[in-house]
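Have the sequence at hand and turn the structure slowly on your screen. Let us walk through it together, from the chain as a whole down to single residues.

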Amino acid sequence: MLHRSLLPVMVVLACVGSVRAENFMFAPAPHRELNRIFRVDRATGEMGACNYAIKDENSVGLTLCYPAGEGAKAGEAGDYALVPSNHRAEAGIYRVNRRTGDVSVCFVRGDQEVVCTTPAR
């Protein structure tokens, strides 16, 4: 039987766990020939991206991840989301701030880092 004094602690822990699970949003790049997924921190707008690569034919491969670069680092607090375009050959993704309406385009530059354009409306 659960002790009554533990119930408020369990409720707080459950709420904290659910908030952490929703900190990021993930979406694939719309390019059909590109094996890449983008990640955005929903509160700060910081971007990242990862894709699968084959190391050699005898391995399971590896996950390559790209850090946030110019324009893709944490910014003003908001409610960020990712929106892929319908363009089949587009390698980037739209980062939108649902609080302000700002939109920027983010992509991996030179297989080094994720960069984003200056937000605009």
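Among contacts between residues at least 6 apart in sequence, 41% join residues at least 24 apart in the protein chain. Keep in mind as you look that this is a predicted model. Of the 121 residues in the protein chain, 29% are buried. The protein chain exposes about 8,300 Å², and carbon and sulfur atoms supply 56% of that area.

How many of the 7 residues of β3 are buried? The count is 6, so β3 is largely enclosed by the rest of the structure. On one side of the pairing pattern, 5 bridges join β2 to β3, and these two strands run antiparallel. The hairpin of β2 and β3 has 5 residues between the strands, and there G45 takes a positive phi near 85 degrees. Strand β3 is also joined by 5 bridges to strand β4 (residues 62-66), again in an antiparallel arrangement.

Now zoom in on A49, which is found in strand β3. Is A49 buried or exposed? Its relative accessibility is 1%, so A49 counts as buried. Leaving aside its neighbours within four places in sequence, A49 is in contact with R36, I37, F38, L64, C65, Y66, V108 and V114. For another reference point, pick A27, which lies 22 residues from A49 along the chain; the C-alpha atoms of the two are separated by 9.5 Å.

Take M47 as your guide: setting aside neighbours within four places in sequence, M47 is in contact with F38, R39, V40, P67, A68, A72, L82, I93, R95, C106, V114 and C116.

Apart from its neighbours within four places in sequence, S104 is in contact with I93, Y94, R95, C116, T117, T118 and P119.

Finally, turn to the outside. Which residues form a nonpolar patch on the surface? They are F24, F26 and I37, with about 290 Å² of accessible area together. Of these, I37 is found in strand β2. At 37% relative accessibility, I37 counts as partly exposed, because that class lies between the 20% limit for buried and the 50% limit for exposed. I37 also brings us back to where we zoomed in, as I37 is one of the contacts of A49.

Methods. Residues numbered from 1 in each chain as written. Predicted model: local features only at pLDDT ≥ 70, side-chain atom pairs only at ≥ 80, totals over all residues. Heavy atoms only, no water. Contact = heavy atoms within 4.5 Å. Patch = residues over 30% accessible without salt bridge, like charges linked within 9 Å, V, L, I, M, F, W, Y side chains within 5 Å. Areas by Shrake-Rupley, 256 points an atom, 1.4 Å probe, with all protein chains shown as cover. Salt bridge = Lys/Arg side-chain N within 4 Å of Asp/Glu carboxyl O. Helix = DSSP H or I, 4+ residues; strand = E, 2+ residues; numbered from the N terminus. Buried < 20%, exposed > 50% of the residue type's maximum accessible area, 1.4 Å probe, protein only. Pairing = 2+ DSSP bridges.
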